[in-house]
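Please examine the model before reading each solution.

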Amino acid sequence: MINLEIPKKFQPLVSQAHQVATEVFRPISRKYDEAEHAYPNELDMLASLIDGMNEGGDSGAGATGVRRESGGKSEEGNRNGSNLATVLGIIELCWGDVGLLLSMPRQGLGNSAIASVASEEQLERYGGKWAAMAITEPEAGSDSAAIRTTAELDGDEYVLNGEKIFVTSGDRAELIVVWATLDPSKGRAAIKSFIVERDNPGLKLDRLEHKLGIRASDTANFTLQDCRVPKAALLGSPEIDVKQGFGGAMQTFDNTRPLVAAMAVGVTRASLERTGELLAEAGVEIDYDLPALSQPAAVARFLEMEADYEAARLLTLHAAWMADNSRPNSLQASMAKAKAGRTCVDVALGCVELCGAAGYGEDELLEKWARDSKILDIFEGTQQIQLLIVARQLLGKSSAELR
Ligand SMILES: Cc1cc2nc3c(=O)[nH]c(=O)nc-3n(C[C@H](O)[C@H](O)[C@H](O)COP(=O)(O)OP(=O)(O)OC[C@H]3O[C@@H](n4cnc5c(N)ncnc54)[C@H](O)[C@@H]3O)c2cc1C
């Protein structure tokens, strides 16, 4: 029997996250949009609270909640685990402010990557630290198989050389998960991720980006020059398994794409809720018992956007639920990311449009959400790339056959 309610056990987490979004994020949302590159100190206490919740075993209280436990239930099982909990928490927090969520200490996408693929020993060593994720390079964005940063084994250390751009939390995090190739001639199978301490002398911060949205979140560019890391800093297996190809590295995305989709769902809901209130203040009532087309045009548009929101939300929950139940979810993770990213941009701009001058002015957060939304359609793989992945999976084509 299908049951679309939020599992009872996650309701306290959802309401706590909503409270944080309302009482901590929303009041400082505009302040850190304007003060780009200033660190939101208000988040320190909150991050400690989340650490405490994680230590107390509360599943899904942050980015580290996406580890796939072995021994998940079989196809017939139904487990609502930490992936679903994390997604639900993120939706609430991003209803508050997505830039601030991205600035939360120890909750970076690098933390999710570590949680997804690190050995128990690595979890022990690197757990509790804030980790950013560095894949993108000047010549490698959507095509992450094209990365040029190299990792050469020298005794007990790897030596990394290359350039990384657009690293979210790169300036503030304590660790950077760097993607590099062990052997450029061996293609995608040779790409591995390495944990680099932020204070490693071989890692040089080049500059911070100025951006359209998520201005509370820092975005850094780095050069890696003879950057030495211990052998044990390689995440996962050091073997170059040509048969497995990119599988190992891509496994991270199956866990992190639903998280970014969840961010988009949160921003979408924020825009819709505020627009509904402003429409009501303007005397435009939504009647859910009447067909959309027999109501004012603004209501018809609003209902259309709500339907898109609901579709994005359900796809996101589905992708996370599959991860909790140890089912392969690359297809669903990409579907969720594509739909939620596109919906977030369409709805945020649609809400600005419906609210007219109120939507465009800085007295409301609607204009900010319209700016914040676009990145959710870009990072962790653009909408176009997600659609390509979906097409490949549905048609049974390889990345060489369909590009
Ligand atoms: C604010 C911000 C934060 C970021 N944070 C991180 C981070 O923490 N870590 C990290 O590694 N990266 C990060 N990125 C980088 C982000 O993941 C890349 O920008 C993204 O993957 C797209 O790469 P690109 O910018 O090089 O665009 P390109 O790959 O050059 O793509 C340009 C356009 O062409 C389209 N396109 C490309 N190939 C195809 C194709 N085969 N078919 C159809 N369309 C195609 C794309 O969808 C896009 O619309 C961040 C970027 C920004 C802006």
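**Exercise 1.** Are Tyr158 and Phe194 buried or exposed?

*Solution.* The model under study is a predicted one. A residue counts as buried under 20% relative accessible area and as exposed over 50%. By this scale Tyr158 is buried, and Phe194 is buried as well.

**Exercise 2.** Determine how many aromatic pairs the protein has, and classify the geometry of each.

*Solution.* The count comes to two aromatic pairs. In one of them, Tyr158 and Phe194 lie 5.0 Å apart, centre to centre, with 65° between the planes. Planes over 60 degrees apart count as edge-to-face, and the pair of Tyr158 and Phe194 is accordingly edge-to-face. This pair links distant parts of the chain, with Tyr158 in strand E3 and Phe194 in strand E5, 36 residues apart.

Trp179 and Phe253 also form an aromatic pair, at 5.7 Å centre to centre and 45° between the planes, which is tilted. Here Trp179 belongs to strand E4 (residues 175-181) and Phe253 to helix H7 (residues 247-281), 74 residues apart.

**Exercise 3.** Explain why Trp179 counts as buried, and why Phe253 does.

*Solution.* The cut-off for a buried residue is under 20% relative accessible area. Trp179 has 2% relative accessibility, so Trp179 counts as buried. Phe253 has 5%, so Phe253 is buried too.

Note on methods. Residues are numbered from 1 along each chain as its sequence is written. This is a predicted model: local features need pLDDT of at least 70, side-chain atom pairs count only at pLDDT 80 or more; totals for chains, interfaces and linings use all residues. Side-chain values use heavy atoms; hydrogens and water are left out. Rings of Phe, Tyr and Trp (its six-membered ring) pair if their centres lie within 6.5 Å; planes under 30 degrees apart count as stacked, over 60 as edge-to-face and the rest as tilted. Helices (H or I, at least four residues) and strands (E, at least two) are DSSP runs, numbered from the N terminus. Buried means under 20% relative accessible area, exposed over 50%, partly exposed in between (1.4 Å probe, protein chains only).
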